[in-house]
Amino acid sequence: MSSTLQQTQIPEEQVLSLPDFSSLAPDDQLAPLPPRRPWWGRRGGIISIILIVLLILAGFLAFFLIRGRQRPVTYIKQQVSQGNFSLSVSATGPLQSAVYNLVFTGSGTIAEIDVSVGQTVVKGQVLAKLNKTSLQDALNAAQATVLSAQTGVNNAGANLSKTEAQSQTSVQSAQVALNNAQASLGKTQIQSQTSINLSQTTLSNDQTNLTNTQAQSAASISAEQTTLSNAQTSLSHTQAQSAASVRLAQTALSNAQSNLVHTQATASAQIAAAQLAMSQACTPPVTPPTAACDTATAAYNTAVAQANASIATAQGAVNTAQQQLSQAQAQASANNATAQAAVDSAQKQLTLTETQSTSSNATAQAKVATDQQSLASTEAQSSSSNTTAQNTVNTATISLASAQASANTSITSEQGTVNAAQSTLQSALVGLLTAQHNLANATLLAPHAGIVTTINGTVGGTPGVSSASSSASSSSSTAASSVGSSGGGTFIQISDVSTLQVLAAVNESDTANLKVGEPAQFTVSAYGNRIFTGTVSAISPFGQTVSNVVTFPVTIDVNKDDLQNTNLLPGMTASVTIVVVQRPNVVLIPVNAINFARTATGTVNGIPPLITTQQAISALAQARQMRTELINQNPSVALDNPIPAYVIEQPGGQTSFITVPVVLGLTDDTYYVVLQGVSPGDIIVVGAQRG
């Protein structure tokens, strides 16, 4: 390492700037290092390259050699089978006999003990007796206490009855007052409502009358206005007609006058012409006149006569037209006067109708206003009356509540006294019953045949104090609950070796399907492989933890028929097997088939994938659907906690593998019960190996 450092050359651009040593003597200055060769030009670098190349070549060679020697994969297959399936629970525990722990039910002094340890007794045999003198004294004192307590109960009951009667009277009086007040309130409310209804009815009627009056007035005014409008229209029409008639007559007069003037002018012209002709014919006058003069004179006279006639006719026409104009003017004036009179009459009638309507409406409105005032007054008076009656009801209600509260307080107090007295009496009765039992049970009898194993006490002393053990009247179930307990407050203990049980400690994971009444088998070391039978009689709900392992005590009653010619003793250790589930004639597949299928989507231990991830997902989806349909068809299947899964099959003559969805039921960690998916005889893949 040191030599390598000495041969390393530092490039000039990486040399640090050092202080100037020019002041040093020439001999003290460092000489510059010679230049170094590149690494590939040095011997060590070449050797390193050669070694690396050789290692790479050796690796490739080893890889191809190993790959060439790799053995082919062999897939392990197995038929789906059909058979019986069962689940069992294994446990151990001691044999025990029925033990009866006996004590006197009461305290006292032992007068006699009639048995000894090891003695065989029969059911009902006298075991021991207590001194009855102190027990009789206790009974007498308890009876006196009961009598005193009974007297207290009677007195308290009498006081309670008296208080209840007084309270009932007060409450009833308050209730009567409340009832009267409520009745008065109801009556007042009815009367008030009746008055209000009457006022409202009157107001409603008058409002209706006002509406009718206003409607009638409006109708009358409308009718009169219509009449006036019609009269005004007729006046206008009459005036127009009259003006037209006058204008027509005036036109006729003007025409007649024009014709008269024309006729007069024509007549004058004709007369002048005739006169001229006559003058010419009769000039100079001759006697007798000439025929021409006569003719001219006749023509003149004719012309004058015709002119006069024409003028008279025209003047007659003028006179007639003048007359007709006068008549037309007179008729127009009369018609206009008549129409104007009708208008004036209609206007007067309208004014009268409006006046009458205003008066009628005012009268009706005044009555409505009076009715409204009357209704408001009635409502105010009714509200006041109702408020007064309601206040009376409220006061009576408060009085009733106060009476009830006072009654409840008094009764509760007296009831408390009664309860206390009854409690005292009950305690005294319990004491009396205890004293009676103590006296009656001063003699301790054997509840069952057996052997006396323990006696705790001597004559003149005190027997064991009763704890959670059985009494002289203990049943076999009580004795069983005291198995193995011989200390504490037990006075005499009897053991029955003719009845044996196994108290097995079952692991908490095995208790799911465990039930009372299930059959069990067990063996003991003393009898090798001989199988004894029994029945599960009890499962303790309280687990016991030892070294972080939780077990539950399970009691198994041993079949007496199996005890012939044996000597099973309490304390022997039994190895127990309990069959908890049985499924006859079901389809079974190895657990290995499921485990292998779950890993078949990847490479495991050099075994290449058999199926794709998509195949596995699709098979699981089909299995879930099958499970759902199976549970819907048979809900009891859910008790086996079915799970979806799939297995792998290789169809005959093919090199590819397929997934088959299945629904699995119970398992014993070796086989699965198949609820649906495959049939007995199907070939499935359970594993793979090389070689």
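This is a predicted model: local features need pLDDT of at least 70, side-chain atom pairs count only at pLDDT 80 or more; totals for chains, interfaces and linings use all residues.
Which residue in β8 is the bridge partner of Q96? The bridge partner of Q96 in β8 is Q501.

**Pairings of β8**

Strand β8 covers residues 492–507 and pairs with strand β2, residues 81–102, in the antiparallel sense over 9 bridges. Strand β7, residues 450–455, is also an antiparallel partner of β8, with 4 bridges between the two. A further antiparallel pairing joins β8 to strand β12, residues 549–558, over 7 bridges. The table sets out these pairings, and individual residue pairs follow below it.

| Strand paired with β8 | Residues of that strand | Sense | Bridges |
|---|---|---|---|
| β2 | residues 81–102 | antiparallel | 9 bridges |
| β7 | residues 450–455 | antiparallel | 4 bridges |
| β12 | residues 549–558 | antiparallel | 7 bridges |

I455 has I492 in β8 as its bridge partner. Towards β12, L503 is bridged to T555.

**The open sheet**

An open sheet is formed by 3 strands in the order β3-β5-β6, with antiparallel pairing. Strands β3 (110–113) and β6 (443–445) stand at the edges with a single partner strand each, so one side of each has no neighbour in the sheet. On average, neighbouring strands of this sheet are turned by 20 degrees against each other, direction ignored. Strand β5, residues 126–130, pairs with β6 in the antiparallel sense over 3 bridges. Within β6, T443 is the residue that stands opposite K129.

**The disulfide**

The count of disulfides in the model comes to 1. The bond is formed by C282 and C293, whose sulfur atoms are 1.3 Å apart. C282 lies in the loop between α3 (132–281) and α4 (291–440), while C293 lies in helix α4, so the pair ties together parts that are 11 residues apart in sequence. The torsion about the S-S bond of C282 and C293 is about 100 degrees, and the disulfide is therefore right-handed. Are these cysteines, C282 and C293, buried or exposed? Both C282 and C293 are buried.

**A nonpolar surface patch**

On the surface, a nonpolar patch is made up of I46, I47, I49, I50, L51, V53, L54 and L57. Together these residues have about 730 Å² of accessible area. One of them, I50, belongs to helix α2, which spans residues 43–69. I50 has a relative accessible area of 47% and is therefore partly exposed.

Notes:
Residues are numbered from 1 along each chain as its sequence is written. Side-chain values use heavy atoms; hydrogens and water are left out. Two strands pair if DSSP finds at least two bridges between them. Axes are lines fitted to C-alpha atoms, for helices over the stretch in contact, and angles run from 0 to 180 degrees between N-to-C directions. Patches are made of residues with over 30% relative accessible area and no salt bridge: like charges are joined within 9 Å, nonpolar side chains (Val, Leu, Ile, Met, Phe, Trp, Tyr) within 5 Å. Accessible areas come from the Shrake-Rupley method with a 1.4 Å probe; for residues, only the protein chains shown count as cover. A salt bridge is a side-chain nitrogen of Lys or Arg within 4 Å of a carboxyl oxygen of Asp or Glu. Buried means under 20% relative accessible area, exposed over 50%, partly exposed in between (1.4 Å probe, protein chains only). A disulfide is a pair of cysteine sulfur atoms within 2.5 Å.
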